[in-house]
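Please open the model in your viewer and follow the stops below in order, selecting the named residues as you go.

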Amino acid sequence: SHAGQVEARPPDALGCTDHELAIIEYARALSCTRGLWQLAIDYLRALPLEIAWAWAGAIVRAEEPVPDAKAERLLDVCAQWQLDEDAASICAQLVSQKLRARM
């Protein structure tokens with residue numbers, strides 16, 4: 001997916017209630033609006049943990065970790081939601097960006 005675009009339905013959305021789907025869709029719409037990805041993640045807290053966790057990861061993965069301040073916010077969210085693989089991916093992207101900048 002492109003930066004800022006969250007996939008339409010991670011597999012974990014299957015079996016959600018209409019209320020949960022409405023929250024997911026609203027969070028998805030927010031995450032597509034520049035600068036509102038953190039607010040979108042806050043809305044996910046109203047969902048059952050497993051569903052919220054899957055969508056928080058999808059939102060984090062859709063964001064580009066640039067500039068460094070945004071990368072720090074993304075890593076903070078990863079720590080709060082225990083998104084270890086996403087945090088590792090962000091760190092790898094940052095290292096790669098820094099290495100390219102030095103060349």
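Begin by selecting H3 and H4, whose crossing is left-handed, a term that applies if the near helix is turned anticlockwise from the far one by less than a right angle, with clockwise giving right-handed. The helices here are DSSP runs of H or I with at least four residues, numbered from the N terminus. This is a predicted model, in which local features need pLDDT of at least 70 and side-chain atom pairs count only at pLDDT 80 or more, while totals for chains, interfaces and linings use all residues. Residues are numbered from 1 along each chain as its sequence is written, and side-chain values use heavy atoms, with hydrogens and water left out.

The axes of H3 and H4 come within 11 Å and cross at roughly 160°, where axes are lines fitted to C-alpha atoms, for helices over the stretch in contact, and angles run from 0 to 180 degrees between N-to-C directions. H3 is therefore roughly antiparallel to H4, the word used for angles over 145 degrees. Now show the side chains of Leu49, Ala52, Trp53, Ala56 and Val60 on H3 and of Leu74, Val77, Cys78 and Trp81 on H4, which make the contact (heavy atoms within 4.5 Å). By class, these residues are nine nonpolar, no polar and no charged, with Ala, Val, Leu, Ile, Met, Phe, Trp, Tyr, Cys and Pro counted as nonpolar, Asp, Glu, Lys and Arg as charged, and the others, Gly among them, as polar.

Among the residues in contact are Asp68 and Leu74 of H4 and Asp86 and Lys98 of H5, and the contact as a whole has eight nonpolar, no polar and three charged residues.

Then select the largest nonpolar core, which has 25 residues, with Ile41, Leu44, Leu47, Val60 and Trp81 having the most contacts inside it. Such a core is a set of buried Ala, Val, Leu, Ile, Met, Phe, Trp, Tyr and Cys residues joined through side-chain atoms within 4.5 Å. H3 gives the most to this core, with six residues.

Finally, centre on Leu47, which touches Glu20, Ile23, Ile24 and Ala52, not counting residues up to four places away in sequence. Leaving aside neighbours within four places in sequence, Glu20 is in contact with Leu47, Pro48 and Ile51.

Technical notes: Buried < 20%, exposed > 50% of the residue type's maximum accessible area, 1.4 Å probe, protein only. Helix = DSSP H or I, 4+ residues; strand = E, 2+ residues; numbered from the N terminus. Parallel < 35°, antiparallel > 145°, perpendicular 65-115°, else oblique.
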